[in-house]
Amino acid sequence: MEDLVGAFIHYLAVEKGLARNTTSSYRFDLNQYWLFCQAQQLDPLKEGRGAVMAYLLKLKKDGRAPSTVSRHLAALKSFYRFLVQEGVISADPTANLESPRLAQRLPRVLTPEEVDRLLAQPRTSSAAGLRDKAMLELLYATGLRVSELISLDLADVNLEHGFVRCFGKGSKERIIPLGSVAAFYVSEYLKRARAKLTRGRSTPALFINQQGHRLTRQGFWKIIKKYARQGRITKVITPHTLRHSFATHLLENGADLRSVQELLGHADIATTQIYTHLTRTRLREIYDRAHPRAQRQQK
């Protein structure tokens, strides 16, 4: 089983081009499944469907969220399809198994005023502060995923023509316009701060941590949470908060859905449509507050 999981992860990384974070998640979920099968003395190849059903039942009994159960099932479906493709098993035991229905969660976004407060926090007098300012401005200007942001190399940013090149899910390339404010702070970071952070090391990475290496996702998360506290933003901040805010603010200001889909790198426009729910909710709140007859009780 362990060899098969290893082969599957190699397939995802090399042939499918999935990101390291994604393949690590698959590996973790499949290892959990394998440990369960060992404990229950189940053969995941010979007793595939029974083993999968027993595992999903255990996850539900353990109180795992529907989203977690759905994620584990998605990993198992992909794994067993791979085994059929490779001729290891003749039939897919996960065929026709449905994921639990998920309640649609609207992403948390900041108001434009909260974004301004957040982006005003870094002190650009220090190398780290100027780096942080450039990162936050770039993230809000482009809607990049955090994984895409920290993967940027120097060659991916064209300040002269005002665009950023990134490689999203499935290694799909996209080109995103870069606003003048973000371009200015990235330029300042490159002129005044990056060399101090690299400490003489040669690296293609755009954003560098205090040790002179490429900044990590965890490192960025600590940075944005620190500035949220400084800016007295009480909303829960996640690494994707600025990405969600970027999309919502574009739609609120008249951008069309297809353009936002392309900027975000969504394969399916249904994924982008969740932001229209946010804009409709916000419009309703504005209407209820502003219209003189919105809250008046009918006699």
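**Contacts and cores**

Determine which residues L118 touches when residues up to four places away in sequence are not counted.

Solution. Contact here means heavy atoms within 4.5 Å, and under that cut-off L118 touches L110, L136, I224, Y227, A228, I233 and L242, residues up to four places away in sequence being left out. The model is a predicted one, in which local features need pLDDT of at least 70 and side-chain atom pairs count only at pLDDT 80 or more, while totals for chains, interfaces and linings use all residues. Residues are numbered from 1 along each chain as its sequence is written, and side-chain values use heavy atoms, with hydrogens and water left out.

Solution. A nonpolar core is a set of buried Ala, Val, Leu, Ile, Met, Phe, Trp, Tyr and Cys residues joined through side-chain atoms within 4.5 Å, where buried means under 20% relative accessible area, exposed over 50% and partly exposed in between, with a 1.4 Å probe and protein chains only. As background, nonpolar side chains tend to be buried together in soluble globular proteins.

**A loop residue and its partners**

Decide whether L110 is buried or exposed, and list its contacts beyond four places in sequence.

Solution. L110 is found in the loop between α4 and α5, and its relative accessibility is 2%, so L110 counts as buried. Its contacts, with neighbours within four places in sequence left aside, are V115, L118, I233, K235, I237, T241, L242, S245 and H249. One of these, I237, stands 127 residues from L110 along the chain, yet the two C-alpha atoms are separated by 9.0 Å.

**How helices pack**

Classify the packing of helix α5 (residues 112-119) against α6, and name the residues that meet.

Solution. Helices (H or I, at least four residues) and strands (E, at least two) are DSSP runs, numbered from the N terminus. Axes are lines fitted to C-alpha atoms, for helices over the stretch in contact, and angles run from 0 to 180 degrees between N-to-C directions. For α5 and α6 the angle is about 155 degrees, and the axes are 10 Å apart. Angles under 35 degrees count as roughly parallel, over 145 as roughly antiparallel, 65 to 115 as roughly perpendicular and the rest as oblique, and α5 is therefore roughly antiparallel to α6. On the α5 side V115, L118 and L119 meet K133, L136, E137 and Y140 of α6. Ala, Val, Leu, Ile, Met, Phe, Trp, Tyr, Cys and Pro count as nonpolar, Asp, Glu, Lys and Arg as charged, and the others, Gly among them, as polar; by these classes the contact divides into 5 nonpolar, no polar and 2 charged residues.

Do likewise for α6 with α10.

Solution. The angle between α6 and α10 is about 90 degrees, with the axes 11 Å apart, so the two helices are roughly perpendicular to each other. Here G129, R131, D132, M135, L136 and L139 in α6 meet F220, I223, I224, K226 and Y227 in α10. The residues of this contact comprise 7 nonpolar, 1 polar and 3 charged.

Find where Q41 and R232 lie, and decide whether each is buried or exposed.

Solution. Q41, although not a glycine, has a positive phi of about 55 degrees, and Q41 lies in the loop between α2 (20-39) and α3 (48-61). Its relative accessibility of 72% is why Q41 counts as exposed. R232, which is likewise a residue other than glycine, has a positive phi near 55 degrees and is found in the loop between α10 (217-230) and α11 (241-252). With a relative accessible area of 74%, R232 is exposed.
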